[in-house]
Amino acid sequence: MKRDSYKIAVIPGDGTGPEVIREGLKVLKAASKKFGFRYKEEIFTYGGERYLRKGLTIKDKEISNLKKFDCIYLGAIGHPDVKPGILEQGILLKIRFGLDQYINLRPVKLYNSEFCPIKGKGPEDIDFVVVRENSEGLYKGMGKFEKKGTRNEVAIQISYNTRKGVERCIRYAFEYCRKRNKRKKLTLCGKTNVLTYAWDLWQRTFDEVKREYPDIQTDYAHVDATTMWFVKNPEWFDCIVTDNMFGDIITDLGAMIQGGMGIAAGGNINPEGVSMFEPIGGSAPKYTGKNVINPLAAICALGMLLENIGEEEAAKAVEDSVIKVVQTKLKNLAAGKMGYSTEEVGDLVVDNL
Ligand code: IPM
Ligand code: MN
């Protein structure tokens, strides 16, 4: 809810995370002056470097501490010297689960047809939002090995879906679609033809909840077909709701059709609690410290953060400013090809504000 002052937890993280967050914070400062709100930021050093120094990911009491903030702004988690999985599970997923951020909201919006890899598609065709369930499914970490290391080994990975978990996600998607007020269409993206336990529950829940939203047109697409439609007819989509794993996969494709990881942002949302906003790309070690990474994804994440805390005017201004930069300045959205440095792109956004 909108107030005079906000407490923002900042986790710059690894690799290019700190560089893009620095630009985001520059934009935040400018927005706060222009729109007259105050904030206090507190920086936390969770990430690969701290793990390598102290063997720590994030402690339970550090998670509890994050509950005191109005929102969290995250750069990137992932370090080339740390075995894959440790930081992702120990920090990123631990925060998502620990704060029950059960929605992962990922807008897919093309700002300039020049940066779209699909021939003949423009901003009017690519403008949709993926509502990804963010607390269950295959990400629950349930499963086991049997006869590990033998020729008869079996590895079991369970997709865990609760009625409550599925329903709160679907309900959020309907509400979001209504509030967004564009084409008012919500597509359930699943795999009802094969995954007949999980997707039976999803489909039944979707069919029940949709009765409460007669103003929203509904649709269903299998996940494999969804990836095809993203490329062939992206204009068919307005809002999409899906589970954690499918949402992870289709939003990387979504990021590509909107211009790449340089522009794709997302929010890990607990509608009743503390939410966290991040660029959806990784820590990009090979670009670290070179002042070449595109900060716009992080700046778009900041825009989502502002909307979430109730500073809707500021959020809109940040997005409009990003659009202007993408339409009139940048040569390319990829790292090192923008025609500007990371810092200069941040400055361009601030100037437009
Ligand atoms: C994402 C990322 C994470 C995920 C990884 C880093 C655990 O790919 O935010 O999409 O799978 O959710
Ligand atoms: Mn992902």
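How many residue pairs are in polar contact between domain 1 and domain 2? The count is 9, with both residues at pLDDT 80 or more; a polar contact is a pair of N or O atoms within 3.5 Å, where within protein one must be able to donate a hydrogen and the other to accept it, and residues adjacent in sequence count only if both atoms are side-chain atoms. The elements that give two or more residues to the side of domain 1 that touches domain 2 are α4 (86-98), β4 (103-109) and β11 (265-269), helices (H or I, at least four residues) and strands (E, at least two) being DSSP runs numbered from the N terminus. The largest share of this side, 7 residues, comes from β4.

The model is predicted, local features need pLDDT of at least 70, side-chain atom pairs count only at pLDDT 80 or more, and totals for chains, interfaces and linings use all residues. Residues are numbered from 1 along each chain as its sequence is written, and side-chain values use heavy atoms, without hydrogens and water.

The domain assignment, automatic or from a database, gives domain 1 (1-109 + 261-353) and domain 2 (127-257). Their C-alpha centres lie 25 Å apart. In contact (heavy atoms within 4.5 Å) are 21 residues of domain 1 and 23 residues of domain 2.

Across the interface the rule finds 1 salt bridge, defined as a side-chain nitrogen of Lys or Arg within 4 Å of a carboxyl oxygen of Asp or Glu. A salt bridge joins the side chains of Arg168 and Asp100 (3.0 Å, N to O).

Definitions and conventions: Chains are lettered from A and ligands numbered from 1 in the order in which they are written.
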